[in-house]
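Dear colleague,

Please find below the structure that I am passing on to you. A summary of the findings follows it.

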Amino acid sequence: MYERYRIETSPIKLASTQIGKFDIIRKDNCLNCGQCISHCIYDVHRRDEKDHRKMAEPVSHLCKNCFACVQNCPGQALEMVRNEEFESLGDAYWTPPIIHAIWKEAEEGKIPVYGAGYRGRFKGSGFDAIWTDMSEIVRPTRDGIHSREYIATAVDVGRKPSWIIDFENLDLPRFHEIQIPMLFEADPLGIRAKNIILAVVRAAHELGTLAYVDFENSFDELEPYIKSVVLRSPLDRIFQTDPALLRKASFVELTLPESHPADELEGVLTRLKSHNPALLVSLGLSSHLFTEELFRLVEESLVDVLNLSADHHGQCSGGEMFITDSTRKLHLNLVKRHIRDGITLLGKGGIAAAEHVPKLIICGTDAAVLDYSLMVALGCRMCEECRIKDCPAGLPGLDSEAAEQRIINLACAWRDQLLEILSAMGIRDVRRLRGEVGRAMFYEEIERESFGFIFEERYLFK
Amino acid sequence: MKAIEPIPCSTRYRSEIGKYQVSLTADCFHCGVCIEACPSGVLERKEGFNYVAALNSARCQGPLCQAGSFSCTTRCPVDAIKIDLAPQWKALGDFRWTPDLIITTWQQAETGEIPLGNLEYRVGGSGGGFDCFEFALDNPGSVPFSEIEKISTSICLNRRGEGRSLEIPIPWYGAGMSFGSVSLPTMLSRARAAKTWQTFTSTGEGGYPEELVPYKDHVITQIATGLFGVREETIQRAPIIEFKYAQGAKPGLGGHLLGDKNTPAVARKREAIPWTSLFSPFPFHSVYSVEDHKKHIDWVKTIHPDALISVKVSTPSDVDMVAVGSYYAGANIINLDGGYGGTGAAPEIAKKNIAMPIEYAITKVHRFLVEEGIRDEIVLLASGGIRTAHDIAKSIALGADGVIIGTSELVALGCVRCGNCESGRGCPRGIATTDSELDQLIDPEWGAQRIINLYAAWQKQLRLLLYQVGLKDIKGLRGRTDLLRYTNGR
C-alpha cells in the first residue's frame with residue numbers, strides 16, 4: 001500500500017544542552033518578599049525548599065527574557081544579564097543562536113515557532129545574503145506542512161541517462177533515491193567514536209538517506225545498514241582497503257589529494273567500474289577550480305556524483321569562495337556542457353541552519369551534506385577542544401540510540417522547514433528547486449536594483 | 001483638527017529598566033545635593049526617611065550631563081555617586097530593536113516628547129535598510145521655525161477620485177492584530193488611541209469584539225484566508241476593509257494561532273473549537289488571479305458600498321505586478337508588509353528568509369506604479385519593520401504615502417520583544433496574551449495614553465524633519481530620495 005513518507009520524532013533532552021541565554025541574579029538586598037514568584041510565569045523563582053522564609057537561587061535556564069521579575073521587584077534586587085556560557089558557544093559562524101536553534105530542533109523535532117518579528121541583522125554574508133521568494137495571489141501555492149497537500153522531498157543521487165541511445169540495450173539508470181535532500185557525514189569531527197558513527201548511519205538508514213563513512217572507520221556493526229552508507233577513501237588508497245568491504249559497497253566516494261598524476265584518477269575509476277558496473281562513484285572536490293579532466297570524466301560516465309566540500313565556515317579553497325558561489329559556478333558549467341541532468345551535485349560545509357539546505361539547492365546542488373550540524377544536534381558546541389583533549393559535551397560516551405533519535409528529530413525539523421519554504425514558493429517537488437535562482441533574491445543584486453539609483457555604488461558595497 | 005497634547009503617563013513597573021544604573025557608595029552621607037541637582041529625578045529621599053537613594057536609575061541620562069552644572073557626580077562633595085551601564089540593558093533588545101530603541105520608545109510613550117539625552121532613538125543596529133541611511137538635514141530655510149506647528153502630516157487614504165474621501169492627520173495607522181494574538185485590553189488601548197488621533201486600528205483576523213463597536217469609525221476589519229470571525233455586520237461596520245493575502249513575518253504560510261492561546265472566548269469569536277491550533281490556510285483558495293481578486297473586492301463592495309479597500313500583501317520579487325493587479329481590481333490602498341515585521345507566532349525560518357525587506361519593496365513598487373501612470377490613484381502604505389518616526393519618514397521618502405505600525409505600539413505598552421507571545425499563557429507582560437489573569441495587567445486607559453503619547457512624539461519628530469529639509473507638507477516628501485544620504489550604519 002502507498003504510504004506517505006513521514007518521520008517519527010520523539011522528544012529527547014540532553015543534559016549538556018541545558019544552557020540558558022540569560023542569568024538572573026538575586027542580589028543581597030532581596031527582601032524575600034516573593035513578588036517575583038507571582039510575576040514569573042516560567043517558574044524561575046521559587047522559595048527555598050528547606051527554609052520557606054528565603055528565596056531559592058533563580059533557575060536561570062528556564063528564564064525567557066521577559067523582565068517581569070526584574071521590573072516588578074520592589075527593591076531592585078534582581079538583575080538579568082547575558083549568560084556568559086551561552087555567549088561563548090561556537091564561533092563567529094556557528095553563533096550561539098545557531099547552536100541553540102539546532103539543540104532545540106534536535107530535542108523536539110519541531111519547527112521553531114516564536115512570537116515577535118525578526119531580530120537579527122538586515123543581511124549577512126554567504127547564506128545570509130540570500131532571501132527565498134514566495135508566490136502572491138497569482139501562482140498557486142501549496143500547503144504541505146499541514147499535510148493537506150503532498151510536497152515531495154525525495155531526490156535521486158547517482159546517474160541518469162539524458163536520452164535513450166539504444167532501445168535494445170537499455171542503459172538502466174543507476175541512482176539511489178533518498179527521501180530527504182540531506183545526506184549525513186558520520187564523523188566530521190574526526191573523533192572516530194563508534195557510538196556516534198553508528199548513530200548517524202542508523203539515522204540515515206531510518207530516514208532513507210545516506211551517510212558518509214571513511215573506509216578506515218567502518219566496523220562490523222555497520223554491516224546491516226551498508227546500503228545506506230557511502231564508503232569513502234582517498235584516491236591513492238582505495239585499493240588498499242578491505243576487498244570484501246569494497247565488494248559489498250554500492251556507493252563509494254574518492255577524495256582527491258592536492259595533486260595527482262593525470263591518468264591515475266581515470267585508471268582508478270575504470271578499475272572500480274570494471275569490478276562492479278553498478279557501483280556509484282562520487283568524487284569529493286575541495287576546490288572551486290574545476291579542471292577539464294573533471295568534466296571529461298563526468299561526460300564519459302566514470303563519475304556519477306560530484307561532492308563539493310567547503311570548510312566548516314562554508315569557505316572553499318581556503319577562503320576564496322563561499323560554497324553557494326562555487327556550487328552555482330559548477331552547476332552552470334555542467335549546464336553549459338549539457339551534462340548537468342546526468343549526474344548529481346552535492347555540497348557540504350557550513351550548513352548550520354534549516355534554511356541553508358534550500359538555499360544551497362537553489363544555488364545548484366541536488367542535495368546538501370550535513371556535517372557539523374549533526375554533531376551540534378548531539379550536544380557539540382563547536383569548541384574544537386576535541387582536537388586536543390576530551391569532548392566537554394561527552395560525545396564519545398553518548399548513548400547511541402539517544403543520539404540516533406536526536407539526529408532524526410533534527411532531520412524532521414529541517415525537512416518540515418524545507419516544506420514551509422517550498423509551500424511558500426508554490427513548488428511541489430524539491431527537485432524543481434535545483435538551480436532556481438529566479439526563486440531567490442541575492443543581496444547585491446537587490447540592493448543595487450532598489451538603492452543603486454539613490455546612492456552611489458561606491459557607498460553601497462564598501 | 002486641534003492639536004493633541006500628550007499627558008505624561010509613567011511606567012507600570014516599580015523597577016524600570018534604563019541604560020544606566022546609579023548607585024551610591026559607602027562614602028555618601030546623605031546630604032541631598034544630588035537630589036536638587038538632578039534634572040531627571042533619579043535620586044530621591046522618600047518621605048519619612050533620612051537616606052538618599054537612586055530610586056529611578058532608569059531616568060538617568062548618563063555621562064552626557066556631566067558637562068552641565070546640574071550633574072550629580074560633579075556636585076557630590078564626596079564623589080559617592082557611581083554611574084554604570086545597567087546590566088539588564090545588555091540583556092535587552094536585539095539588532096533590529098536595540099536596547100536604546102526600546103527604552104526611548106518607552107520614554108516617548110511616557111512623555112510624548114522627542115527623547116533627550118544620548119540614547120539612539122532614530123535607527124536600530126541591523127546594519128542595513130533604514131539603519132543605513134539618514135536625511136541630509138541642510139535646512140534650506142524655506143519654512144520659518146515659528147510655523148513648525150503648521151507643517152501638515154496628514155495623508156489621504158482614497159485617491160481614486162470616486163467613493164468617500166478619508167484623511168488621517170498622521171501618516172500612519174495601526175496594523176492588524178487579532179483578538180487571540182493580543183488581549184482585549186490591548187485592542188481597546190489601540191482603538192482609543194486611534195480615535196483620539198482620528199486614525200485607524202485594525203482587528204486583524206480573529207473577529208470583531210463587541211467592545212470595539214464604540215470605536216467603529218476608527219476600526220478596520222480584516223478578511224484573511226481563514227475567514228475567522230468575518231460576518232456581514234462586521235464588514236458593514238468598518239470604514240476600511242483589509243484583505244490580508246499574506247503577512248510579512250510569514251509570507252506564504254498563512255496564519256498561526258497555537259492551541260494554548262485559543263481560549264473559549266477567542267474560539268467563540270472565531271467560530272472554532274477551543275484549545276485547538278488554528279492555521280489560516282495560504283493562499284485564499286478562491287483567488288488565483290487578478291480577476292478572482294476583483295471578484296473578492298466586488299463581493300465586499302456589494303455588502304458595504306461605502307468601504308475603502310486595502311490589500312495587504314507581502315514582498316515577493318514580483319510584488320510590483322501584484323500591486324498593479326490590486327489597483328486594477330479596485331483597491332484603494334496597497335499595504336506592503338515587509339519580511340521583518342511583527343507577529344504573534346511565526347516559524348523562525350520565515351521571518352528572515354522568505355520575501356524581501358520592506359525597504360526594497362517600497363522603491364520597487366513606487367517606481368513601477370509611477371511608470372504605469374497610476375501612482376497618484378492609489379495609496380501605498382508600508383509596514384513590517386517600521387520602528388521609529390525616522391523609519392516612517394524614510395519609508396515616505398522612498399516612495400510610500402504612509403505606513404502601518406504594529407510592534408512599536410506594543411513596545412509603548414511595555415513590550416520588551418522577548419518573543420514568547422506564541423504559546424503557553426502568552427505574553428508575561430499582559431500584552432499578547434489571552435490568559436484571563438495576565439490580560440488584567442493592561443488598563444486600556446493607561447495603554448491608550450501611552451500610544452497617544454508615542455504618536456505625539458512621532459508627529460513632532462516628523463515636523464522637525466520636514467522643517468529641516470524645508471517642506472511644509474509630508475505629502476511633498478514622497479519619493480524624495482534625493483534627500484537621503486548613505487551612512488552604512490555609522
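Which residue of β14(B) does A:Val113 stand opposite? In this predicted model, the residue facing A:Val113 is B:Pro347. The two strands concerned are β3 of chain A and β14 of chain B, the latter covering residues 346-347, and they pair in the antiparallel sense over 2 bridges.

This pairing leads to the wider interface. Contacts between the chains involve 56 residues of chain A and 78 residues of chain B. On the chain A side, at least two residues each are supplied by α2 (68-72), β2 (78-82), β3 (113-114), β4 (130-132), α12 (400-425) and α13 (443-451). The largest share of that side comes from α12(A), with 5 residues. Sorted by class, the side of chain A that touches chain B holds 30 nonpolar, 14 polar and 12 charged residues.

Turning to chain A as a whole, its secondary structure consists of 14 helices and 17 strands. Chain A has a radius of gyration of 25 Å, close to the 23 Å given by the globule rule for 462 residues, and is therefore as compact as a globular protein of that length. The C-alpha trace of chain A spans about 90 × 60 × 50 Å along its principal axes.

As for the interior, 46% of the 462 residues of chain A count as buried. Among the contacts in chain A with a separation of 6 or more, 67% are accounted for by residues 24 or more positions apart.

With kind regards

How values were computed: Residues numbered from 1 in each chain as written. Chains lettered and ligands numbered in written order. Predicted model: local features only at pLDDT ≥ 70, side-chain atom pairs only at ≥ 80, totals over all residues. Contact = placed C-beta atoms within 7 Å. Helix = DSSP H or I, 4+ residues; strand = E, 2+ residues; numbered from the N terminus. Nonpolar A, V, L, I, M, F, W, Y, C, P; charged D, E, K, R; others polar. Pairing = 2+ DSSP bridges. Rg over C-alpha atoms; globule rule 2.2 N^0.38 Å. Buried ≥ 20, exposed ≤ 12 C-beta atoms within 10 Å, placed from the backbone.
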